Amino acid sequence: MSNMTRRKFLQSIGVGTAAVALAPVFAGSVAFPKNQRGGQSPNVVLINVDDLGWTDLSCQGSTYFETPHIDQLASQGMRFTDGYAACAVCSPTRAAIMTGRYPARVGITDWIRARFQGGEIPEDKQNPTAYVGEADKKLLTPPNPLWMENEEITIAEMLEEAGYVSCHIGKWHLGADDWYPTEQGFNFNIGGCDYGQPPSYFDPYCNPRQGCIPTIEPRKEGEYLTDREADEAVRFIEAHQDEPFFLYMAHYAVHTPIQGKQELIDRYQEKPVTNQKNPEYGAMVHSVDQSTGQILQALNDLGLMVNTLVIFTSDNGGLEGPTDNAPLRSGKGYPYEGGIRVPVIIRWPGVVPAATVSYAPVISMDYFPTILEAAGIDPPVNRTIDGVSLLAHLRSGGETSLERKTLFWHFPHYRQGHRVPPYGIVRHGDWKLIKWYEKPTFELYNLHEDLGEQHNLAEQMPAKVQKLNALLTQMQQATNARLPRENPDYDPAAEQAWWQNQTT
């Protein structure tokens, strides 16, 4: 895969053609009240899968996973080849989705520690501000918050003012108790708490270390969590079919623990293996697809299909081990494409031309302004929104260009000890620069020619590195990004001892 270009890979999976044989059937529509711009207020369904990799769908090139319902969604709308998560780990991306703002601007740049992981809420209920560090690390790093501040304005809050009813289902991971979804504009919260992963995927959803999910009542022992989430989604849609609604289906799957339904595990054990070969993970992907199918069927059965904007995506790249992100390099947590590039599919019948493909780079922050424009709602005027509305691009079938040319990522933390030191990323056109803060050192790739990021051009093109680094610096300054600092207590012997300990 190392010599595969982006164009060759996209051609190999049949980009530009409908990849499924399931024909769309649209029932009639319910007439909703006019929005503030005189148009109809559409329903919005945002499906955010946890840790789903870029090639974990058959419409994205997988020949191992079976995802007919998600493939059908792609055949009825627009699929983005260059869709990105705002971070290579979950909480920052979830904050970006909710607010339309870069994680650096929100201040959430790493995954939030739940209480069972040591993320205790301070008595004064103030997020930590002091830099942190250890003697074996060269840099001090900014602390990560324990919650997203309620002062942030979410999609749900914006839609609430326009008469929408909103439901969050699944993983929240943006804070506990006082910072639950219901404190951020959602009328209903089913399953959302401070957990980044479920204690178990089987009812009663408990384990000795975590306890149980506090915001979902057990109802049938052994019931699979993704099935339960789908059932709750359908119940919400049915109950609110006569008013505009926003459903945020934020699956816990396919995050660890890797647990699937046995009948689906058996199915995948019989399949020929490829680079993707984990039957339990395959079963989890399959359950997410079944859930998506249930939601789409409910919309169709209730005559809501043409009035509903559906967005499907993931919060970061696939976790290496359970899946394989090839031809992309690496996976979750890393600055390479396997860590940040994700599936993005958007459908709105009658607005988005069916079976279209866009090569425009889009990112998590874009859903906020896109949803607001679709609903005829002006964005908040008292804060910067970093995302751009995709609506004109969607309406044109991808012909209308996005004004934005530059994206950036900010991860000022260590991950896996020293294996992933703090980094920043900027993508401008086809060029991508990774800046490692410890030295600093740079990696430069042309994604059009080198999708797998195998050929670092930084030494060959110092002027390009300088230009992109200047763009990265500008974006850091614009978002008030907190940067790592030199650690005055750094002890090289302590770092050496850490590395030695990894090999013994």
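These are legends for several close-up views of one predicted model.

Residues are numbered from 1 along each chain as its sequence is written. Because the model is predicted, local features need pLDDT of at least 70 and side-chain atom pairs count only at pLDDT 80 or more, while totals for chains, interfaces and linings use all residues, and side-chain values use heavy atoms, with hydrogens and water left out.

**View 1. Helices H6 and H8 run roughly parallel.** Helices and strands here are DSSP runs numbered from the N terminus (helices: H or I, at least four residues; strands: E, at least two). H6 covers residues 225-239 and H8 covers residues 279-301; they pack at an angle of about 10°, with axes 9 Å apart. That angle makes the pair roughly parallel (under 35 degrees; over 145 is roughly antiparallel, 65 to 115 roughly perpendicular and the rest oblique). Axes are lines fitted to C-alpha atoms, for helices over the stretch in contact, and angles run from 0 to 180 degrees between N-to-C directions. On the H6 side, look for Thr226, Ala230, Ala233, Val234 and Ile237 in the contact (heavy atoms within 4.5 Å). Among their partners on H8 are Val288, Ile295 and Leu299.

View 2. Pro68, His69, Ile70 and Leu73 of H2 make the contact, with H8 residues including Asp289, Thr292 and Leu296.

**View 3. Helix H3 is tucked away, with ten of its ten residues buried.** H3 spans residues 90-99, and it's largely enclosed by the rest of the structure. Buried means under 20% relative accessible area, exposed over 50%, and partly exposed in between (1.4 Å probe, protein chains only). Among the buried residues are Cys90, Arg94 and Met98. The cover includes strand S1 (43-49), helix H4 (103-106), helix H5 (155-161), strand S9 (245-250) and H10.

View 4. Glycine 376 follows H10 and has a positive phi, near 70°.

**View 5. Aspartate 450 is buried yet has no salt bridge.** You'll find aspartate 450 in the loop between strand S17 (441-446) and helix H12 (462-478). A salt bridge would need a side-chain nitrogen of Lys or Arg within 4 Å of a carboxyl oxygen of Asp or Glu. The nearest side chain of opposite charge, arginine 329, is 7.3 Å away (Lys and Arg count as positive and Asp and Glu as negative; His and the chain ends are not counted). The aspartate 450 side chain does reach the backbone nitrogen of histidine 455, at 2.8 Å.

View 6. Most residues other than glycine have a negative phi, and most peptide bonds are trans. The bond from alanine 326 to proline 327 is cis, with omega near 15°, and proline 327 lies in the loop between S10 and helix H9 (337-340). Serine 330 is in the loop between S10 and H9 and has a positive phi of about 65°; serine 330 is buried, at 14% relative accessibility. A cis bond also joins lysine 439 and proline 440, with omega about -10°. Alanine 355 has a positive phi of about 55°, but is partly exposed at 32%.

Definitions and conventions:
Polar contact = N/O pair within 3.5 Å; in protein donor to acceptor, adjacent residues only side chain to side chain.
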